[in-house]
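Dear colleague,

I am handing over the structure below, followed by notes on what was found in it. Please read them alongside the coordinates.

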Amino acid sequence: MPDWIYDALESLQAFMDKGSLADVASMLALSVIGTLLVVAVHEAGHALAALLTGNRVHELRVGDTDDVTVTAGAFRLRVGRLRGDADVGGHVIFDGRSATPRQVLAITLAGPAANLLGAAVAAAVAVRAEGMLSVALFLWTFASIAAAVADLRPAGDPDTPAEWNDGRL
């Protein structure tokens with residue numbers, strides 16, 4: 001096994017040995033924020049790929065509710081809480097009328113790719129961090145990898161971009 005996995009387990013063990021109630025509460029709060037961040041990175045990957053393939057992005061949504069909506073021209077950014085009713089919420093709406101199946105595939109794979117890139121960066125920082133930050137970053141690394149793997153189960157028809165879904169987490 002790679003050394004960073006052992007480092008992650010050692011950090012978790014140290015946290016469990018010395019963790020206080022305040023540390024546990026902080027970890028729960030970081031888990032909620034981290035989950036939203038995993039979704040945000042994933043959806044940003046889709047949005048960036050859509051833009052790079054010449055498709056206009058209309059909306060990027062993170063969360064299950066509409067707590068904050070920011071509009072810039074025809075683009076909307078919606079951020080909200082996670083209700084936990086179903087899968088972790090988030091989506092990108094882009095103008096896929098002129099998108100080829102290859103472009104749709106690239107846009108679809110960009111979300112999981114962004115999660116894997118984010119996981120690599122978080123792991124690299126976590127190896128150098130200490131304490132609760134290290135534990136939080138390692139947990140975020142594993143959550144990002146899990147999201148990438150879960151979202152590689154596509155649903156829908158890639159020839160119909162409006163019905164394409166990169167998977168369910």
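Helix α3 covers residues 101–128, and because 28 residues at 1.5 Å each should span 40 Å, the 41 Å between its end C-alpha atoms agrees with expectation (the expected span being 1.5 Å times one less than the number of residues; helices are DSSP runs of H or I with at least four residues, strands runs of E with at least two, numbered from the N terminus). The model is predicted, so local features need pLDDT of at least 70 and side-chain atom pairs pLDDT 80 or more, while totals for chains, interfaces and linings use all residues. Residues are numbered from 1 along each chain as its sequence is written, and side-chain values use heavy atoms, without hydrogens or water.

Helix α3 bends by about 30° at A110, with the proline P112 following within four residues; the bend is the angle between axes fitted to the seven residues ending there and the seven starting there.

The structure holds three salt bridges (a side-chain nitrogen of Lys or Arg within 4 Å of a carboxyl oxygen of Asp or Glu). E59, R76 and R78 form a network of them: R76 meets E59 at 2.7 Å, N to O, a pair that joins strand β3 to strand β1 across 17 residues, whereas the closest N and O atoms of E59 and R78 are 3.5 Å apart. E59 is buried, its relative accessible area being 2%, and R76 is partly exposed at 31% (buried is under 20%, exposed over 50%, partly exposed in between, with a 1.4 Å probe and protein chains only). D95 and R97 form a salt bridge at 2.7 Å, N to O.

Best regards
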